[in-house]
Amino acid sequence: MPEGHSLHRLARQFDDVFAGQAVQVSSPQGRFAADAERISGQQLERAWAKGKQLFCQFSNDLYLRIHLGLYGAFDFGGDEFFRGASSIGAPRRIGEREVATEANGEYLGPPEPVGQVRARIVSGHGWADLRGPSACEVLEWEQVQVQLDKLGPDPLAGAAIRFNQSKGRDLDADPQAALEAGYRQFRHNLSATRTPIGLVLMNQALISGVGNIYRAESLYRCRISPQLPANELSARAAKKLWWDIVQIMQDGVRDGKIITTWQEDRNEPGPLWPDNAYYVYQRQGQACRRCGTAIRLEEVAGRKLYWCTRCQRPPRKRPAGPATGR
């Protein structure tokens, strides 16, 4: 499943190449046909992401919500204007793929649909095809708000504000204040549950956009045991964890891939990605980059959890005090 940085890149992609233009929306597969008619021919005003969900606002005050889930992905194509967008031409993995639709330098328009295309969006400069999403629906604002309220704070809220400000929008918003507010909500959410922090980070209602890679890597970077109950995390550790997630997810938006290692911990020679990209993710049985202990893998709640048992030791439990009586 794509992690939060991928959806924020997709939001930038949509905003760059479709915002301000009337778009034609269809459903070659047919499952989205009724909703497609509600927004086809309208101007796409703006696009944004929260966590792992993408939203597009249209000029008739309707909104497209997309959740890629495990299997959803986009194909893109278009002319030189379209390829100048934020993610076209950058390294990409799940959810972003460019398809050439030019001959002799001339834009030919979208190709014939291939496979089960749930939704197709077409402008004068390019097109996007969506396949296999968990959710693809048109909503009114009140329904969008219900979806947003289900999600925890987004570590990429500041990056989203800065992107909008580069487009002349949301100029009064404060990216740092948004992230500080996000930390306070994150801290509150941690304090309210004894669920292990390794599970909490995957709960989109408690923090948005973190997936298996960011979960494993940030807990390692912050030396936090995934088994530690969330409400036992100190305020200092919680703050360090939040801001570390903010940093590595912002790097993911910029780079189009997840790289969490510091330079001094990489093996030379060798490619940066994927050989030197991670500390623990998919490195089970290999030596920890810091202490040499074999990285451990365990399946927890249906997902693979990676960690170093030495660098991420649980804190020692304080002995219970002597019983008192009359």
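Me: Is the crossing of H1 and H5 right-handed or left-handed?
Reply: In this predicted model, helix H1 covers residues 4-18 and helix H5 covers residues 157-166. The crossing of these two helices is right-handed.

Me: At what angle do H1 and H5 pack, and is H1 roughly parallel or roughly antiparallel to H5?
Reply: The axes of H1 and H5 lie 11 Å apart, and the packing angle is about 15 degrees. Angles under 35 degrees count as roughly parallel. Therefore H1, at about 15 degrees, is to H5 roughly parallel.

Me: Which are the edge strands of the open sheet?
Reply: The sheet has 4 strands in the order E2-E9-E10-E6, with antiparallel pairing. An edge strand pairs on one side only. Here the edge strands are E2 (24-26) and E6 (73-78).

Me: What is the bridge partner of Gln24 in E9?
Reply: E2 and E9 (residues 117-122) run antiparallel and are joined by 3 bridges. In E9, the partner of Gln24 is Val122.

Me: Which strands does H1 touch where it packs on the sheet?
Reply: The direction of H1 makes about 30 degrees with that of E6. H1 packs on the sheet, and the strands it touches are E6, E9 and E10 (126-131).

Conventions. Residues numbered from 1 in each chain as written. Predicted model: local features only at pLDDT ≥ 70, side-chain atom pairs only at ≥ 80, totals over all residues. Heavy atoms only, no water. Axes fitted to C-alpha atoms, helices over the stretch in contact; angles between N-to-C directions. Parallel < 35°, antiparallel > 145°, perpendicular 65-115°, else oblique. Left-handed = near helix turned anticlockwise from the far one by under 90°. Pairing = 2+ DSSP bridges. Contact = heavy atoms within 4.5 Å.
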